[in-house]
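Thanks for asking me to look this one over. Here are my notes, written so that you can follow along with the viewer open.

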Amino acid sequence: MYISKIKIINFRNFVEREIEFTKGINVIIGHNNSGKTNLLRALSLVLDFQLSKRLVIDDFNKGLELEELKKTPPKVSIEITIKGKHDYENPNDDLVTVSNWLTVLEAEFEALLTYEFFLPEKEKSEKKYTECLKEAKDLKQAWKIIEHDFLRFYKPKIWGGKIENRASADVESLQKFDFQSLDAIRDVERDMFSGKKTLLRDVMSYFLDYEETDEKKKENRNKFAEIVDPVVKNLHDRLGKGKEQIQIYSKSTGASYHNKAKPEFEGKILEQDVFSALKLIIRYETGIDIPVSHNGLGYNNLIFMSLLLAKMQADTSKEYMSTNAKVFSILCIEEPEAHLHPSMQYKFLKFLDDTKKKDKVRQIFVTSHSTHITSAVKLDDIICLHNERDETLVGYPGKAFPLKDTKKSKKYVQRFLDATKSDMLFAQKILLVEGISEQLLVPILVKYANLELKKEFNDQQKENKSREEYQSKLLEDNHIAVIAVGGRYFDHFLHLFDQIENCNSIPKKVACLTDRDPERKRRNLKGEKFNKCYPFEYNQSGEEYEYQNNATPLINKYDNHPNIRYFSQDEKFGKTFEYELVLYNPSSQILVTDGMSNKKEIKSLMSLDSTKTVNDYLETLKKGTVDNKHTKNKRIIDAIKKLGSEWNEENKKKSVVASRYLNSVGKGENALDLAVALEDNYDKNDTEEFQNFDVPKYIKDAIVWLCKE
């Protein structure tokens with residue numbers, strides 16, 4: 001038996017949303033205020049018998065329209081569907097527990113519990129709800145009237161079975177659920193330091209004489225009584241004279257006047273009473289004992305959770321609890337990473353998984369912000385909450401892949417969704433890039449783009465003021481993650497977010513930066529493969545070559561997609577990320593780093609003034625060859641010379657510098673040095689030392705599209 005889904009209506013940030021669960025561990029992730037805590041709270045309203053069921057006005061979702069609010073009192077509804085399979089040969093207590101709530105009467109049964117917080121019809125009519133709400137001029141006033149005049153008449157109710165039957169769920173069956181929750185902000189020390197605290201005392205009571213027979217337990221209790229009864233008698237004897245003095249004071253104050261009563265002392269010591277004398281310590285192999293209060297918060301959290309699981313084991317034991325034993329145990333943990341370092345987070349997840357497999361806990365719900373936790377669990381265990389325009393959406397990464405492609409893409413993503421890449425599951429928006437160079441450099445390029453966009457806004461302020469709202473924000477302001485996944489593997493990850501392909505995908509905006517990578521191959525030559533070429537070689541000899549580029553099909557495919565877009569360099573002049581940086585900054589020597597080759601030659605090209613011709617650039621390039629045998633330089637020279645009038649002088653000159661630069665840097669080798677240089681230059685903004693640096697258009701376009709609401 002397990003909770004298969006929950007439907008939440010008008011509760012906190014949930015307008016109306018259905019969320020599905022798995023049998024074992026459910027890891028609920030999402031950015032801040034996406035609804036993770038509210039989801040657990042919704043579960044507890046139905047299943048936590050100890051929790052108060054009354055709500056306050058801020059527990060209602062505030063998305064209702066004013067006219068709707070005036071006609072009908074707001075109501076919170078939370079439905080929980082429970083699924084199970086009845087084993088006729090080995091019957092258990094599951095079906096008995098939910099028998100009164102069944103909605104599907106098959107071997108694979110379903111039961112339904114519904115929590116409602118509502119204004120009864122009687123109170124609605126007697127208190128003249130609609131007349132009172134007529135006075136409300138806006139939503140704020142309407143909610144205030146509901147809070148002051150009607151909220152006290154609201155009633156919480158838990159219904160069992162089909163809601164139209166309005167049958168109350170029986171308390172005895174509800175008490176068979178053991179719902180334990182650890183909040184994100186918790187004081188575990190308060191609950192476990194001494195035997196006086198409930199949790200530790202309950203656990204010790206259960207494990208006292210663990211696995212002993214009833215006869216042996218009785219024998220041990222008798223022995224304990226034989227030991228402690230003389231101790232109690234000793235205390236009585238020693239209190240003899242003191243007791244007489246206490247009785248004198250009692251008589252003097254008048255406390256013994258009524259019925260001539262007087263204080264006496266009697267009692268006996270039970271085993272549980274002695275637990276108060278025990279305190280939790282940590283014993284090291286060296287023999288040194290350390291009080292648990294001296295441990296770090298993370299260590300104490302782990303100890304507390306182990307005690308809690310031990311208590312849950314005790315509460316489900318029929319031998320120990322008899323008819324009061326719990327049937328279905330649920331553990332909810334908020335942000336276990338709060339006090340655990342990454343390796344401990346991984347170990348903790350494995351521990352929870354083992355706990356579930358041993359049936360010590362029937363179902364586990366974990367909320368998390370930790371990329372280490374998401375990288376340690378299966379995609380099928382993850383539920384991703386996403387808040388977009390005040391609407392809470394849900395995605396299931398494990399279900400987002402097309403069935404025909406599941407084995408390939410799903411396994412690839414599962415394998416490579418490490419702590420870095422799994423950041424895409426938490427970010428509000430995502431920028432996928434091909435390699436480490438883009439991942440290192442795009443964040444600083446965004447800062448430069450920000451400067452340009454602000455300048456554009458200041459120059460055209462009267463034209464469109466709203467542009468500043470999204471164009472003057474940095475990536476981190478929009479919670480955008482830059483993730484390098486490799487150009488050939490974009491498709492694998494896009495399955496997670498493709499809203500058209502699969503309704504279970506995660507509804508986030510995703511921009512993909514891909515290189516144009518023009519290619520050509522000789523026509524009518526058997527076995528010939530496409531090879532990379534320069535932009536100035538592309539489409540220059542249609543009779544001899546066949547051409548293609550990497551980006552155009554992808555841009556066209558996602559051109560009208562609701563939440564995915566591809567961005568790339570110009571189809572005619574573009575090639576790769578590094579090439580594009582130089583096209584936009586052909587004279588910026590910031591781009592020349594210590595780790596690249598041919599620095600002197602590239603600086604010479606960048607230093608040529610605007611009066612120099614293309615031939616001057618080619619002559620400078622020619623000087624970098626050795627006896628004209630430098631094939632890369634020679635290929636650039638020959639191709640540039642063959643260009644016709646469709647390429648102007650400026651484009652040719654920029655292409656010479658960009659090509660030579662591209663041939664002098666390894667893919668990603670100088671990216672870190674360049675990121676540092678650009679960051680240093682950016683810090684000089686608003687000073688005379690600052691050097692302008694233009695961000696390629698396709699990168700700016702991607703940023704603007706992502707940040708635009």
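This is a predicted model: local features need pLDDT of at least 70, side-chain atom pairs count only at pLDDT 80 or more; totals for chains, interfaces and linings use all residues.

1. Let's begin with the six-stranded sheet. This sheet is open, its strands follow the order E8-E11-E12-E3-E13-E14, and the pairing is mixed. At its edges are strand E8 (177-182) and strand E14 (391-395); each has a single partner strand, so one side of each is left without a neighbour in the sheet. Ignoring direction, neighbouring strands here are turned by 20 degrees against each other on average.

2. How is strand E11 joined to the strands beside it in this sheet? With E8, E11 pairs in the parallel sense over six bridges, and Gln180 has Leu331 of E11 as its bridge partner. With E12, E11 also runs parallel, and five bridges join the two. Cys332 is the residue that stands opposite Phe365 in E12.

3. E11 is also worth a look for its burial: seven of its seven residues are buried. Phe328, Ile330, Cys332 and Glu334 point one way from the strand, while Ser329, Leu331 and Ile333 point the other way. Do note that Glu334 and Ser329 are among these buried residues.

4. Helix H15 (residues 342-357) lies across E3, E11 (328-334) and E12, and its direction makes about 160 degrees with E12.

5. The other sheet has four strands. It is open and parallel, in the order E16-E15-E17-E21. Strand E16 (480-484) and strand E21 (564-567) form the edges, each pairing on one side only. From one strand to the next, the twist averages 20 degrees.

6. Which helix packs on this sheet, and which strands does it touch? Helix H28 (residues 697-707) does so, touching strand E15 (429-433), E16, E17 and E21, and its direction is at about 175 degrees to that of E17. Strand E17 (residues 509-513) itself pairs with E21 in the parallel sense over four bridges, and Cys512 stands opposite Tyr566 in E21.

7. Thr514 sits in the loop between E17 and strand E18 (519-522). Is Thr514 buried or exposed? Its relative accessibility is 2%, so Thr514 counts as buried. The side chain of Thr514 makes a polar contact with the side chain of Asn550, at 2.8 Å. Leaving aside neighbours within four places in sequence, Thr514 is in contact with Glu434, Asn550, Ala551, Tyr566, Phe567, Ser568 and Gln569.

8. Finally, a helix pair. Helix H22 (residues 577-584) packs with helix H26 (residues 649-662) at an angle of about 145 degrees, and the axes are 8 Å apart. The crossing of H22 past H26 is right-handed. From H22, the contact uses Glu578, Tyr579, Val582 and Leu583; from H26, it uses Lys654, Ser655, Val657, Ala658, Ser659, Tyr661 and Leu662. By class, the residues of this contact divide into seven nonpolar, two polar and two charged.

Methods: Residues are numbered from 1 along each chain as its sequence is written. Side-chain values use heavy atoms; hydrogens and water are left out. Axes are lines fitted to C-alpha atoms, for helices over the stretch in contact, and angles run from 0 to 180 degrees between N-to-C directions. A crossing is left-handed if the near helix is turned anticlockwise from the far one by less than a right angle, and right-handed if clockwise. Contact means heavy atoms within 4.5 Å. Ala, Val, Leu, Ile, Met, Phe, Trp, Tyr, Cys and Pro count as nonpolar, Asp, Glu, Lys and Arg as charged, and the others, Gly among them, as polar. Two strands pair if DSSP finds at least two bridges between them. Buried means under 20% relative accessible area, exposed over 50%, partly exposed in between (1.4 Å probe, protein chains only). A polar contact is a pair of N or O atoms within 3.5 Å; within protein, one must be able to donate a hydrogen and the other to accept it, and residues adjacent in sequence count only if both atoms are side-chain atoms.
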